[in-house]
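A short report accompanies it.

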Amino acid sequence: MNTPAAPLSIKQVLLCGALIVTLSMGIRHGFGLWLQPITLDRGWTRETFAFALAVQNIAWGLAGPFAGMLADRFGAFKVIVVGGLLYALGLVLMALSTSGLAFTGSAGLLIGMAQSGTTYAVIYGVIARNVAPERRSWAMGVAAAAGSFGQFLMVPVENWLISQVTWQDALFALGRWLSVPVENWLIAGAGWQSALLVLALSALLILPLAFGLREPARSGAHNAHSQSVGQALREAFGYRSFQLLMAGYFVCGFQVVFIGVHMPSYLKDQGLSPQVATYALALIGLFNVFGTYAAGSLGQRFPKRYLLSGIYALRSVAIVTFLSVPLSPKSVYVFSAVMGLLWLSTVPPTNAVVAQIFGVQHMSMLGGFVFFSHQIGSFLGVWLGGKLYDASGSYDIVWWLAVALGVMAALINLPVREQAIARPVPAAA
């Protein structure tokens, strides 16, 4: 008789999972700080930069379901290790890119693939398999809060690296770490390149942390309700509530990535100090620590569909208020704090509903498909931000589009059914 493997310690899962998400999401959240330095240094348009990050988001979304399938089948450990290696490689090549195509391949394709294996879908799969259902939403909130803390921590660090660390120092450190000659690498460069190389070293810290999420080999026995991948996908995509969750998550991606990437340049265009943008992104990260934790905790007590609907509605209210009042550092900081409370607070309840409806066997894969919808929205949010800015000289159209989408998402989450899906019971042999 096969004995089920003991689950991992909840403390171990949350600590290692939270630190991985902190690194992965923290590095990513600072990319908006590079828009102006990179485009000015390379002579590119904002659309070139925005398109690369749009590709990053769509690559993250496309690779997510496959990363989830592999994590469900072979364990999250291997997927996270590969993701960490791709992350470091993508950051190095991003720093060395001298054409828009190369920049899109590194900042877009490689880093997007890396994020699919080092963020929520894979980490939440481990949480779902090792944390009891009555604590699952809370645990997912802790992991999401870690990603928010990463933004709060890493955005000021990245801004400091851009302005303080020299290109040669970063390359020399990278060369020493890799034990390769650095003479051929020493070329003149700007601070943003140095920062990316230092961050590449930081991304490699994901590798040792992955060992904490190495789950015991699972029993080869299948229970009565085991599903194939195809069966799980047909069931999920034919289920109305899954479709509604995907549609809502599309809006989440559009809003947060547009704001995260383009708000620093929007504020500079309005004549505010670059430090205001840095503090704004850091405040979003800081307050999102509380927002995502609260969302995870509230998801254990109240219907998650109402929680999601309220979050999307409040985002639209916050944006309308921000656009309506006179712009000042104070209004930026208040808006950032409010948006921070709502920023990734959709993540714990959305993923908890997926686990609640379909169970945990294919959790990483289904979470990856829901997140793919999020990333389609992210692609459009970041790309349209650059495209429409270059066409009109303003971000106004995209701001108001984000408001309208928030209202739509608030409405479509209301009919979501959170109960476990009813499956036919197999006849006894």
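## Basis of the model

The model is predicted: local features need pLDDT of at least 70 and side-chain atom pairs count only at pLDDT 80 or more, whereas totals for chains, interfaces and linings use all residues. Residues are numbered from 1 along each chain as its sequence is written, and side-chain values use heavy atoms, with hydrogens and water left out.

## Overall content

The chain has 18 helices and 0 strands; helices (H or I, at least four residues) and strands (E, at least two) are DSSP runs, numbered from the N terminus. Of the 429 residues in the chain, 58% are buried, where buried means under 20% relative accessible area, exposed over 50%, and partly exposed in between (1.4 Å probe, protein chains only). Among contacts with a separation of 6 or more, 86% join residues 24 or more positions apart; contact means heavy atoms within 4.5 Å.

## Cavities

Rolling a probe the size of a water molecule over the atoms shows where empty space is left. A cavity is a set of points, on a 1 Å grid over the protein atoms alone, where a 1.4 Å probe fits but cannot get out, and lining residues have an atom within 4 Å of a point. Grid points are joined across faces, edges and corners, and a volume is the space filled by probe spheres set on the points. The structure holds 3 cavities of 30 Å³ or more.

The largest cavity has a volume of about 130 Å³. Its lining consists of R28, H29, F31, G32, L53, Q56, N57, V256, V257, G260, V261 and W343. Helices α1 (10–29), α3 (46–74) and α12 (240–269) each give two or more residues to this lining, and α12 provides the largest share, 4 residues. By class, the lining of the largest cavity has 6 nonpolar, 5 polar and 1 charged residues; Ala, Val, Leu, Ile, Met, Phe, Trp, Tyr, Cys and Pro count as nonpolar, Asp, Glu, Lys and Arg as charged, and the others, Gly among them, as polar.

The second largest cavity has a volume of about 80 Å³. It is lined by 13 residues, of which M25, R28, V256, L344 and H374 lie nearest its centre. The elements giving two or more residues to this lining are α1, α12 and α17 (363–392). The lining of the second largest cavity divides into 9 nonpolar, 3 polar and 1 charged residues.

## Packing of α3 against α4

Helix α3 packs with helix α4 (residues 76–96) at an angle of about 140°, their axes being 7 Å apart. Axes are lines fitted to C-alpha atoms, for helices over the stretch in contact, and angles run from 0 to 180 degrees between N-to-C directions. The two helices, α3 and α4, are therefore oblique to each other; angles under 35 degrees count as roughly parallel, over 145 as roughly antiparallel, 65 to 115 as roughly perpendicular and the rest as oblique. On α3 the contact is made by A67, L70, A71 and F74, and on α4 by A76, K78 and V79. This contact has 6 nonpolar, no polar and 1 charged residues.

R46 lies in helix α3 and counts as buried, at 14% relative accessibility. Not counting residues up to four places away in sequence, R46 touches L35, Q36, T39, S265, D269, Y389, D390 and Y395.

A59 also lies in helix α3 and is buried, with a relative accessible area of 7%. Neighbours within four places in sequence aside, A59 is in contact with G108, L109, G112 and M113. A59 and G108 are 49 residues apart in sequence, and their C-alpha atoms are 7.1 Å apart in space.

Terms used
On a 1 Å grid over the protein atoms alone, a cavity is a set of points where a 1.4 Å probe fits but cannot get out, and a pocket is an open set with protein on both sides within 12 Å along at least five of seven lines; lining residues have an atom within 4 Å of a point.
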